[in-house]
Amino acid sequence: MSDGGNGDEGGDERGQISTGNTMAERTGGGWRLNLLLEVDRLLLTAGLALVIFVGFMLFAVAVDPSLQSELSSADTVETMFSTMISVLVTGATLVVTINQLVLSQENGPLGDQRKRMSDAMDFRTYSRDLLGGVVPADPSAFLRALIEEVERRAEAVDRVVADSDDDELEAQVGEFIDSIHGNAQAVEDELEGSSFGTFDVLSAALDFNYSWKIYQVERLSSDFEDELDEGQRRAFDDLRTSLAMFGPAREHIKTLYFEWALVDLSQYIIYAVVPALVVAGGMLGFVGGETFGSARFLGLPVVTWVVGVAFTITLIPFLVFLSYILRIATIAKRTLAIGPLILRDSQR
């Protein structure tokens with residue numbers, strides 16, 4: 001399927017009813033996607049800190065003259081950690097400020113809050129009409145209910161098309177319905193037991209490839225327009241409506257997750273900045289080339305280890321920021337379009 005006007009010689013999109021459904025299948029998966037999205041953010045921060053510490057120590061081993069010599073003859077510690085103190089204070093202030101700007105929509109006059117409430121209740125009304133009952137309040141249960149409704153309507157399409165005399169229509173619809181059921185069951189299993197506040201709910205929502213399914217419904221309705229009777233057209237329209245409802249629901253939950261993650265990010269940065277400032281101040285005030293004398297640990301001067309650990313600790317607030325932004329930016333890039341617009345080459 002082409003996107004953005006670029007040509008593609010990869011085959012006829014009309015013969016590709018099934019496609020990669022989960023995000024891993026659509027993007028090729030692998031360790032990179034796991035690192036960007038699935039790994040716990042604090043664990044990723046710890047991993048990045050370890051990489052920086054190991055890199056720093058490798059420099060200390062490989063470079064001549066040694067760090068201890070540099071500390072004795074120059075104001076290396078003073079330069080390094082006085083700069084880090086400025087960066088920590090400025091960076092923490094900037095991140096918290098940006099966070100407050102992003103969350104500022106939560107604060108507003110009564111009229112704005114009333115409109116937000118009205119829009120939310122309108123969407124719940126649409127959802128209630130679609131689901132035919134009470135709309136779940138839990139995000140994971142709500143998404144499961146929408147996907148289950150898609151499955152029910154897909155089964156309805158399968159039943160009405162089974163009476164058709166067109167073998168090609170039956171074959172394509174059968175493959176399409178099988179693809180819906182397989183994707184839906186996988187996502188429902190992911191949503192089972194997931195709670196909002198973790199990445200699990202949004203991760204499962206991203207694995208339901210609703211945009212491709214909307215496109216296929218529209219294509220099948222158009223290609224076999226002359227063969228479809230009124231009941232079959234209505235069944236296709238009902239399936240398309242249920243798929244279209246999943247789009248704004250996912251986007252709403254994605255927005256809530258972004259806000260939740262930004263609040264967590266601000267808290268973790270504030271928690272990390274305080275010890276980082278203490279360490280930077282301690283290094284600036286008390287550590288120099290002769291502080292630990294000639295003491296060595298694992299063949300390296302103790303002062304080298306101390307500087308390496310202190311440098312890594314002062315970088316932790318930035319690493320927390322980096323780990324969260326990597327996930328947020330990755331999600332944002334992969335959900336730019338809402339509806340049946342396919343932006344990735346892997347699905348063309």
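The structure described here is a predicted model. At the start of α3, a side-chain oxygen of aspartate 40 comes to within 3.0 Å of the backbone nitrogen of leucine 42. Along the helix, the buried residues are Arg41, Leu44, Thr45, Ala49, Phe53, Phe56, Met57 and Ala60.

The protein as a whole contains twelve helices and two strands. Of the 348 residues in the protein, 42% are buried. When contacts between residues at least 6 apart in sequence are considered, 79% of them join residues that are at least 24 apart.

Attention may next be given to the empty space in the model. Rolling a probe the size of a water molecule over the atoms shows where such space is left. The largest pocket has a volume of about 610 Å³, and its lining is made up of 23 residues. Among these lining residues, Arg116, Ala120, Phe123, His252 and Leu256 are the ones that lie nearest the centre of the pocket. At least two lining residues are supplied by each of the helices α6 (110-131), α7 (139-161) and α11 (230-286), while the largest share, eight residues, comes from α11.

Helix α7, which is one of the contributors to this lining, also holds serine 140. The relative accessibility of serine 140 is 6%, and because residues under 20% are classed as buried, serine 140 counts as buried. The side chain of serine 140 is joined to that of aspartate 138 by a polar contact of 2.4 Å. When neighbours within four places in sequence are left aside, serine 140 is in contact with Leu191, Ser194 and Val201.

Note on methods. Residues are numbered from 1 along each chain as its sequence is written. This is a predicted model: local features need pLDDT of at least 70, side-chain atom pairs count only at pLDDT 80 or more; totals for chains, interfaces and linings use all residues. Side-chain values use heavy atoms; hydrogens and water are left out. Buried means under 20% relative accessible area, exposed over 50%, partly exposed in between (1.4 Å probe, protein chains only). Helices (H or I, at least four residues) and strands (E, at least two) are DSSP runs, numbered from the N terminus. A polar contact is a pair of N or O atoms within 3.5 Å; within protein, one must be able to donate a hydrogen and the other to accept it, and residues adjacent in sequence count only if both atoms are side-chain atoms. Contact means heavy atoms within 4.5 Å. On a 1 Å grid over the protein atoms alone, a cavity is a set of points where a 1.4 Å probe fits but cannot get out, and a pocket is an open set with protein on both sides within 12 Å along at least five of seven lines; lining residues have an atom within 4 Å of a point. Grid points are joined across faces, edges and corners, and a volume is the space filled by probe spheres set on the points.
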